[in-house]
There are 2 protein chains.
Amino acid sequence: MIHEGAYPVEPWHVREIELDLDTIAQSESVFALSNGHVGLRGNLDEGEPHGLPGTYLNSFYETRPLPYAESGFGYPEDGQSLIDVTNGKILRLLVDDEPFDVRYGDLVEHERVLDLRAGTLTRTARWRSPAGKQILLTSVRLVSLTQRSVVAIEYTVEAVDEFTRVTVQSELVANEDQPEQSDDPRVSAVLRSPLQSVASEVADQGALLMHRTKSSDLMMAAAMDHLVEVPGRVEVDTDAGDDWARTTVICGLRPGQKLRIVKYVAYGWSSLRSRPALKDQVSAAIAGARYTGWDGLLEAQRDYLDDFWDAADVEIDGDPVSQQAVRFGIFHVLQASARAERRAIAGKGLTGTGYDGHAFWDTEGYVLPLLTYTMPEAAADALRWRATTLDLARERAAELDLKGASFPWRTIRGQECSAYWPAGTAAWHVNADIAMAVDRYRLVTGDDSLEADCGLEMLIETARLWMSLGHYDRHGVWHLAGVTGPDEYTAVVRDNVFTNLMAAHNLRIAVDACARRPAEAGAFGASTEETAAWRNAAAAVHIPYDDELGVHEQCDGFTTLREWDFDDNTEYPLLLNEPYVRLYPSQVIKQADLVLAMHWQGHAFTPEQKARNVDYYERRTTRDSSLSACTQAVMCAEVGHLELAHDYASEAALIDLRDLHGNSRDGLHMASLAGGWIAWVSGFGGLRDDEGELSFAPQLPSGITHLRFRLRWRNFRLIVDVAHEQATYTLRDGPDGSLTIQHSGEHVELTTQEPTTMPVVAREALLPPPPQPPGREPLRRN
Amino acid sequence: MIHEGAYPVEPWHVREIELDLDTIAQSESVFALSNGHVGLRGNLDEGEPHGLPGTYLNSFYETRPLPYAESGFGYPEDGQSLIDVTNGKILRLLVDDEPFDVRYGDLVEHERVLDLRAGTLTRTARWRSPAGKQILLTSVRLVSLTQRSVVAIEYTVEAVDEFTRVTVQSELVANEDQPEQSDDPRVSAVLRSPLQSVASEVADQGALLMHRTKSSDLMMAAAMDHLVEVPGRVEVDTDAGDDWARTTVICGLRPGQKLRIVKYVAYGWSSLRSRPALKDQVSAAIAGARYTGWDGLLEAQRDYLDDFWDAADVEIDGDPVSQQAVRFGIFHVLQASARAERRAIAGKGLTGTGYDGHAFWDTEGYVLPLLTYTMPEAAADALRWRATTLDLARERAAELDLKGASFPWRTIRGQECSAYWPAGTAAWHVNADIAMAVDRYRLVTGDDSLEADCGLEMLIETARLWMSLGHYDRHGVWHLAGVTGPDEYTAVVRDNVFTNLMAAHNLRIAVDACARRPAEAGAFGASTEETAAWRNAAAAVHIPYDDELGVHEQCDGFTTLREWDFDDNTEYPLLLNEPYVRLYPSQVIKQADLVLAMHWQGHAFTPEQKARNVDYYERRTTRDSSLSACTQAVMCAEVGHLELAHDYASEAALIDLRDLHGNSRDGLHMASLAGGWIAWVSGFGGLRDDEGELSFAPQLPSGITHLRFRLRWRNFRLIVDVAHEQATYTLRDGPDGSLTIQHSGEHVELTTQEPTTMPVVAREALLPPPPQPPGREPLRRN
């Protein structure tokens with residue numbers, strides 16, 4: 001856990017004013033910079049102490065064999081692990097003869113600031129060496145959102161009291177030592193020395209290292225160059241070995257004098273391009289960065305972010321903690337996605353090696369809703385990445401004797417990397433999640449190029465998967481057995497409501513897409529007979545419901561399973577303290593599942609059912625998954641438990657600023673950070689689109705005076721400003737100046753002429769707020 | 001597969017008259033010798049060629065880490081693997097300068113004979129060396145049933161045409177090279193060089209090697225000594241290294257002259273005893289063997305077997321193939337069990353390293369019924385072995401948050417070694433299988449010492465396990481969810497009928513045992529309240545039944561799962577060709593499960609239900625498990641499909657003589673071999689005891705004229721002689737000369753005065769014989 005006061009509450013910054021070595025790994029994740037292509041953990045400039053040194057390139061991974069003590073047919077043989085690539089952010093400092101190291105001497109002042117509008121990480125350190133020399137160090141680091149290969153660091157050292165000889169060693173380091181792996185199975189397998197040297201080159205003030213992975217056979221290049229400014233004499237020298245390059249800058253500073261170094265680092269990688277091509281690529285990136293210059297990079301970064309925030313910001317009046325946390329979350333999701341450009345958006349972005357750097361359904365299910373409404377081009381890129389893996393998904397389906405395509409539960413490159421099929425392959429819903437994201441993109445943006453280019457094929461192939469997975473019983477009811485829904489504490493079940501509703505949705509949108517594009521559908525072999533069969537199955541899908549209790553069953557028979565004994569077994573997360581063999585057959589839930597179905601497929605439930613279902617499942621949900629709190633927020637808000645929803649909304653957004661799940665050291669939780677946005681926008685704003693319309697049903701918890709959020713719909717930008725009594729919709733831009741939305745079930749036409757204000761339709765809770773399992777009550781906001 | 005004519009049909013021998021190097025590994029299993037303490041694969045005397053060199057000591061294993069790509073709480077961390085210990089059966093021969101090797105020169109004659117009454121393996125080879133010298137080699141090998149540490153080999157070489165210089169190197173070899181592992185996950189992990197040298201000692205005509213395992217820290221000693229007889233001059237010399245010892249015998253033979261060597265080998269191992277103690281132990285064993293002498297060992301072996309067969313033989317008139325196969329099976333089960341003496345009886349006995357040498361529920365479920373009725377002291381020993389692991393089972397239960405004891409799914413020493421919990425830990429029925437075997441022992445033998453010493457405690461602790469696993473629903477029905485029954489193609493289900501009936505049986509026999517021994521039960525804390533709760537749960541257990549189809553559901557909802565597409569997917573065994581994620585939610589069955597429930601808990605089903613259930617499940621059972629055919633035989637016989645039962649009875653017994661499952665190379669299938677006995681005795685004899693009485697309901701298939709089997713009940717020996725029209729019961733021995741049995745539902749009093757003949761009550765089949773999945777029809781006997 002990170003204690004509550006660690007980061008002072010500020011609307012646009014995350015500021016650390018004390019360096020706590022016990023939580024240094026967590027702070028490295030919090031202060032990570034990325035543009036979705038290159039990612040740097042917030043390691044100190046001097047490289048150590050560190051929790052986990054980390055420099056990542058999107059989809060630059062090594063394969064490793066997946067071991068099984070008892071193997072089975074269809075188990076993936078190879079895993080993929082994101083690797084720590086050549087570290088270009090190291091600048092070591094010697095003060096006279098003393099290495100600058102915060103563990104020695106006296107750290108008189110320390111501050112790190114992540115600026116969510118500037119897109120920079122600034123560090124200030126005032127340090128007195130063991131010999132008594134004091135220096136003031138300032139570094140500003142950015143990973144460029146406009147030049148995707150470029151990292152830049154402005155590094156300034158000032159002598160304070162007396163003349164000081166200052167030596168800076170600016171480095172590229174490959175194959176850094178990695179700390180020992182944790183026991184938590186969710187933490188990545190750390191790969192040791194995964195890079196083989198290909199080339200190293202040295203220039204006056206810079207160098208280049210090229211490496212290749214042993215097994216996945218990917219080649220990367222990292223280059224650095226420096227601008228050195230200092231009054232008086234300075235010596236600059238560069239040398240390099242296989243796994244390192246070092247530019248050494250030596251000078252003497254009188255009190256008040258400063259050494260300023262601007263370090264440009266560029267990265268490139270490819271599985272195809274030649275050594276010269278890759279070398280030229282990073283050299284060009286360095287040249288481009290020098291051409292733009294430090295100030296130019298800073299300015300472009302801020303412009304990019306200004307534009308982003310203009311259509312993405314969420315303003316929360318009355319809860320500054322949530323305000324900071326939600327912006328922090330949006331910022332990191334942007335960082336994970338902005339320049340991912342047809343590569344995967346991993347569960348932890350490029351902030352750590354947790355989950356081996358894999359992408360899951362988190363991307364389509366949690367990250368893409370945010371991106372689709374705020375940065376649709378990034379959402380399209382992410383879906384086009386999925387489309388590039390369609391052939392692999394078809395091969396996987398064929399291996400499993402299934403039709404269509406079966407997308408992987410976890411992957412970097414597209415191959416299934418899940419070594420535990422009950423919570424991997426059996427979680428077929430990932431396919432419907434992808435399909436839903438494809439369809440939402442079309443709906444929200446009005447851009448049908450994605451559907452035309454690859455979306456239709458993905459919809460058809462996932463529909464075929466569902467048809468081969470499902471079957472009709474002798475009464476004509478359509479079932480899906482042997483599936484695992486979102487809740488990983490109940491696996492390989494029959495008729496999981498979430499999965500069944502999502503599969504039916506997948507089938508229906510595939511039918512509709514084929515109807516929109518009959519010629520292309522025909523080319524993919526989707527006949528009217530086939531699409532009619534999809535529609536029939538969707539209409540006949542079984543939705544288990546417990547008539548006696550008046551609640552939906554998460555899966556067939558769920559409500560008659562044994563109850564979990566929360567009095568005896570309350571060490572969370574349960575998966576680290578209880579065996580699956582006990583968890584699976586109990587009414588204990590890791591994360592919103594039936595409750596998520598009510599969010600994503602809300603039209604399938606009556607308001608009364610929603611209220612009773614929330615009440616039933618809240619009592620049994622441990623929230624051991626980081627994907628849960630945001631959904632609980634949304635559905636608690638919908639059924640009128642607004643204070644509880646507020647608590648969950650904060651949980652979702654604060655997950656990493658407070659290290660609520662105790663594993664932020666391994667990287668940030670992108671889905672939960674996106675979930676912070678979801679909780680406020682879909683929870684208190686009531687945003688829904690599952691019936692093909694833009695709908696809102698806003699209502700605020702008591703502590704919030706105003707909620708203001710921005711989003712894109714077609715060519716419009718929309719500002720929704722919610723107060724307790726009324727909500728105001730402001731439509732900007734757009735082609736013809738008018739847009740029909742739903743406000744609390746009522747159709748309203750918005751125009752770009754003037755804002756539209758509507759009264760808030762208060763929802764009364766049918767039932768009192770439910771309790772949670774002991775010890776899993778969310779942090780209370782009031 | 002081993003072709004049909006490989007072993008000529010003889011009633012008491014398995015004879016090989018041609019050496020087929022393609023099936024040499026299978027023949028090594030078939031010709032394995034063992035007494036349950038020491039096991040030798042049927043490797044050629046000269047060591048090679050071989051399929052798998054194998055010398056085993058019961059429960060002498062090495063531990064190895066079990067790898068998991070994705071770990072989980074409660075997964076066992078260490079596996080146990082039976083290891084190939086010091087090979088004492090090697091006698092290499094040089095004919096002049098030419099090593100005797102069947103791959104070179106000319107094997108003029110070859111014969112190996114396993115004699116089921118003598119308990120020996122005899123080999124005869126007439127060989128012409130590449131240089132043209134001909135010799136006649138005879139070796140007779142035995143693993144003593146009366147001196148459990150002792151192996152003896154009589155090895156005779158005769159010169160045929162001309163004077164021949166003969167050199168025999170008789171060896172002890174540790175850490176033999178092992179062949180490459182197969183891809184089949186069921187095959188053992190082969191451990192390389194698991195033995196560390198502790199000591200080696202050399203005497204004139206013998207030597208001793210001591211080794212220790214690296215990780216499991218077990219110490220073993222192997223010693224050899226020789227008796228050498230030859231006309232004329234002979235030189236005998238012995239030397240040794242860390243991993244080998246060699247006694248070299250050199251002599252010259254004129255045509256017709258013979259060199260005869262009797263090699264005595266003794267083994268001992270311990271986890272506790274000191275080096276000197278272990279050394280003395282094997283030296284004493286060698287001394288004992290020398291004292292008894294070769295002829296004495298042979299005679300004792302035959303006496304032991306005569307006594308065994310007198311109460312265990314099954315005679316089948318009309319099917320000599322089955323006759324041979326059933327005796328072969330009984331013989332190997334005896335070999336696996338006779339001197340196991342409170343160590344595990346492994347699934348493959350001591351005939352190979354398949355399944356890592358682990359013991360499963362096979363022991364209590366299949367092997368112990370045979371032993372209890374034919375060699376009850378061995379059954380008692382096996383159950384006392386289980387009792388020695390009770391503390392480990394209690395620890396395992398506690399780890400899983402359960403009460404009582406949870407016995408391992410697979411183990412050598414008692415710790416759970418199953419690395420795949422859905423078909424391991426979740427197969428809780430192993431506990432009820434053990435409990436049933438405990439109770440059967442008391443019932444059949446009348447010996448209550450086992451119950452008093454340890455059986456009661458096992459019954460109580462397994463009853464407690466069930467109580468903590470089960471739960472009542474809101475209607476007062478008792479359920480077991482998250483369980484895996486015998487059928488491993490359907491796992492982690494609700495209310496598996498087999499498991500539920502067996503759990504209820506376990507609870508009831510625990511109640512009864514507590515009632516018999518109230519004082520001891522009290523000492524174990526089993527109050528009347530507790531036992532009343534057991535009885536209530538047993539009475540309230542849910543037994544899923546499909547009213548529409550009129551059949552029992554193997555588990556809740558089974559009959560509504562999708563049907564397996566046997567037209568498309570018929571590569572058997574399915575587990576090597578289809579993923580679990582597809583198998584589990586389909587109506588496809590690996591092995592008798594509901595059908596096994598009808599055998600072991602037959603009183604819970606009406607005759608009509610049995611007939612309909614057999615018909616339903618036969619069509620869906622792939623028999624991919626070797627545990628299936630015998631049960632299908634029994635239930636097909638009971639419902640009147642006598643010809644089909646005959647087919648299955650043969651399948652069970654022929655499994656290894658024909659290599660029907662394609663993996664006999666890894667060791668013999670003890671449960672299926674015992675199943676050969678079960679098929680005839682419980683199938684055509686109709687033996688049952690699940691209601692506490694000795695019951696028969698004999699009826700023969702058309703091709704069989706007589707079935708005669710022998711068994712022990714209390715102090716009686718009983719011969720049951722079944723013909724088509726009548727059955728004759730002959731009671732021998734016994735205290736008071738009379739015994740009441742059931743014959744086809746009618747109580748009959750037998751006396752030792754004279755045989756009792758009863759008419760056979762023919763059972764008409766309610767339904768026509770069912771079909772099997774395509775390609776899984778059993779071999780037809782007619």
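Predicted model: local features only at pLDDT ≥ 70, side-chain atom pairs only at ≥ 80, totals over all residues.
In which crossing, left-handed or right-handed, does helix 16 of chain B pass helix 17 of chain B? Residues are numbered from 1 along each chain as its sequence is written, and chains are lettered from A and ligands numbered from 1 in the order in which they are written.

Helix 16 of chain B passes helix 17 of chain B in a left-handed crossing, a term used when the near helix is turned anticlockwise from the far one by less than a right angle. Helix 16 (residues 642-654) and helix 17 (residues 670-684) of chain B pack at an angle of about 155°, with their axes 7 Å apart; helices are DSSP runs of H or I with at least four residues, and strands are runs of E with at least two, numbered from the N terminus. Helix 16 of chain B is therefore roughly antiparallel to helix 17 of chain B, the term applied to angles over 145 degrees, where axes are lines fitted to C-alpha atoms, for helices over the stretch in contact, and angles run from 0 to 180 degrees between N-to-C directions. The residues that meet include B:Tyr648 and B:Ala652 in helix 16 of chain B and B:Gly676 and B:Trp680 in helix 17 of chain B, and the residues of this contact divide into eight nonpolar, four polar and no charged. In this classification Ala, Val, Leu, Ile, Met, Phe, Trp, Tyr, Cys and Pro count as nonpolar, Asp, Glu, Lys and Arg as charged, and the others, Gly among them, as polar.

Helix 9 (residues 497-516) and helix 11 (residues 528-540) of chain B have axes that come within 8 Å and cross at roughly 150°, which makes helix 9 of chain B roughly antiparallel to helix 11 of chain B. The crossing of these two helices is left-handed.

Between the chains, 41 residues of chain B are in contact with 41 residues of chain A, contact requiring C-beta atoms, placed from the backbone, to lie within 7 Å. Helix 12 of chain B gives the largest share of the side that touches chain A, three residues. Chain B can be laid on chain A with an RMSD of 0.1 Å by a turn of 180° and a shift of 0.1 Å along the axis, superposition being by least squares on the C-alpha atoms of residues with pLDDT of at least 70 in both copies. The two copies are thus related as by a two-fold rotation axis, and 100% of the contact residues of chain B recur in chain A.

Methods:
Parallel < 35°, antiparallel > 145°, perpendicular 65-115°, else oblique. Contact = placed C-beta atoms within 7 Å.
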